[in-house]
Amino acid sequence: MGINFIARRLLLAIPTLLGVAIMVFVLGFLSPGDPALTALGMTSEGNTSFDAAQLEQTRHKLGLDQPGYARFAFWLGGALTGDLGRSYVQPYQVSDLIGRAMPVTLALITATMLVAIAIGIPLGIVSAVFQGRAADYLARIIAILGVSTPTFWLGLILLLLFAYTFPIFPINGSFESDGPKVLVLPVLAIATHPAALIARMMRASMLEVLGEDYIRTAFAKGLPAFRVVMRHALRNAISPVVTVVGLQFGNLIGAAVAIEYIFALPGLGTLMVQSIYAKDLLVIQGVALVISMVFIAANLVVDLLYTALDPRLGS
Amino acid sequence: MTYPATQPDAGRTGTAALAGQSRRYVGLRKFLDDPLNAISVGLVVLLLLLAILAPIISPYPPDELMPADQWQAPSLKHWMGTDEHGRDVLSRVLHGGRVSLFVGIVTVALAMAAGVAAGAVAGYRGGLVDEIIMRLMDILMSIPGVVLALAIVGMLGPSLGNLITALAVYRIAQFARVTRGSVLSVMARDYISACRAVGMGPVRTMLLHVLPNCIGPIIVLATVLLGNVILTEATLSFLGMGIQPPQASWGVMIAGGNEYLMFAPWISVAPGALLMVTMVAFNLLGDGLRDHFDPRSRSVL
């Protein structure tokens, strides 16, 4: 893997991002309703508490009287310098709103990923090592249930059990008042799915590696089983798992949307849902664009890591 | 140029068709021999039956308001209890399943039609066409599915048509990628060169010889995505961006029960449990089909 490979991947990301920007903008453009009305605090037409001149003035101020391509050029130009416009509803820059929400979502996702890895990898290894035995079946049942549990519903169940019935965790907590405790239930809810996927991939990959000659040799040399598995097999079995971990990133952002909403965490998901309710188009566009950027970057990192971990794929 | 349909050729086609049929039958038997596959097929059939028969087997109309029966806990009269308007949760869960499966099947069918066509053209033509199609698919896949669907429905409005479009768009790209990969591997086979050599046109080659040999991965993907689409629909409906109340859908019901979680948890728990059973069914079936079509991956799960 050389610098060329990285450069080529980075260059490929540019047209993709441009395409995403166009798609997101066109969606906003096609959106029914007049953003100027939203900006004036009106949700329905036929409201007469403003006059036509005022509406026209607002349109002009927001640049809505410009043709579509000009608005796109202006928006994209701003986006390139980190300026995603100003919220139609709140007195903030879109980038400020996103900047405030981003750390919450990133903290949630990072914690989730760590928990999912901590559960999934041991579960997968145990499952593979004890293939066909009780522990394997148990681990596989846990995995299939984990993959199939609706994240947002699990969030509600956890809330019911551990906030209402047994008030261990706060119901509508915040970082300021409750510290990292507020993250425990949301993280558990989102981590179930990736943990199960990681366990399944770890099991499959480990089974494959355990069948190889060099592992038999290691056993034949009389090395302790634990050491063979953890040092010799794991090293080669881990790279497909790394891919699964990385590719889960996008799913996690998606799952985080509903979970943030349920647990009232002020992250990107909550911001997006609130903006949709408020018809705050520029914020929706901005959040979608930023999430896409993070997603593309994550996939890029996965690819690079994958080739770095498994030099056989280097070319 | 066409090759003449001589007598021996016609005879061979007949035998081949017969052999194909029995092979398929044996394949199905072998597939159902695995108890997990039998369970998943049974579950899927059961869910489909419940959805189709919902109007007949529901004990109450899903929208009937019975204020006197408000907040009933599960009992013999109301197996899954009643909600804040005294509506029977079981009846609403059954009707909600109808909506969810309908949206899921229509979405996957549309995404499959568009995605397979795009992937087949990209794989068959190669070159610039391939490059353009796949870059477009990259764009569709560069926003996480739920976020993309949310953006589409959020900005265009939560009508049924917009909902299905929103759910389908991301999956088109998934179908296109899988189809293209399979098409490329099939195209390298000798029998495709043979088709070309006898002068068979691209459309005919594609429909009769390439796509039928790519069907395995496409079916596996469709199965897994069906569960996935139903889950995403429920998530969107839960957030108020999918099916709109008072129409029953699992997501709508879970959202409706959210407020009363503390003293009437059954309103949210029942539809969620059905949703989970649906997910288990389609995930198990997808795993089983994957093993069936690609025995090398048997160790997964």
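**Entry 1: Ala151(B)**

I looked up Ala151(B) and found it in helix α5 of chain B. The model is predicted, so I read every value below as computed from that model. Is Ala151(B) buried or exposed? I get 26 C-beta neighbours inside 10 Å for Ala151(B), and because a residue with 20 or more is buried, Ala151(B) counts as buried.

I then listed the contacts of Ala151(B), leaving aside neighbours within four places in sequence. Ala151(B) is in contact with Val24(A), Leu27(A), Ile284(A) and Ala288(A). I also checked Ala166(B): it lies 15 residues from Ala151(B) in sequence, and the C-alpha to C-alpha distance is 8.3 Å.

**Entry 2: α1(A) against α5(B)**

Next I took the helix pair. Two packed helices are described by the angle between their axes and the distance between the axes. I have the crossing of α1(A) and α5(B) down as right-handed.

Which residues meet here? From α1(A) I find Val24(A), Leu27(A), Gly28(A) and Leu30(A); from α5(B) I find Ala151(B), Ile152(B), Met155(B) and Leu156(B). By class, the residues of this contact of α1(A) with α5(B) are seven nonpolar, one polar and no charged.

**Entry 3: the contact of the two chains**

I moved out to the whole contact. Chain A puts in 44 residues and chain B puts in 38. On the side of chain B that touches chain A, the elements giving two or more residues are α4 (127-140), α5 (145-156), α9 (215-238), α10 (250-258) and α11 (266-293) of chain B. Which of them gives the most? α5(B) does, with nine residues. I sorted this side of chain B by class and got 26 nonpolar, ten polar and two charged residues.

**Entry 4: the nonpolar core**

Last, I looked up the largest nonpolar core, which has 167 residues. Those with the most contacts inside this core are Ile198(A), Val287(A), Val147(B), Ala149(B), Leu150(B) and Ala151(B), so the residue of my opening entry turns up again, as the definition of a core requires buried residues. Helix α9 of chain A, residues 181-210, gives the most to this core, with 17 residues.

I followed up one residue of that list, Val287(A). Not counting residues up to four places away in sequence, Val287(A) touches Ile98(A), Leu268(A), Leu271(A), Met272(A) and Ser275(A).

Terms used:
Residues numbered from 1 in each chain as written. Chains lettered and ligands numbered in written order. Predicted model: local features only at pLDDT ≥ 70, side-chain atom pairs only at ≥ 80, totals over all residues. Core = buried A, V, L, I, M, F, W, Y, C linked by C-beta atoms within 7 Å. Buried ≥ 20, exposed ≤ 12 C-beta atoms within 10 Å, placed from the backbone. Helix = DSSP H or I, 4+ residues; strand = E, 2+ residues; numbered from the N terminus. Contact = placed C-beta atoms within 7 Å. Nonpolar A, V, L, I, M, F, W, Y, C, P; charged D, E, K, R; others polar. Left-handed = near helix turned anticlockwise from the far one by under 90°.
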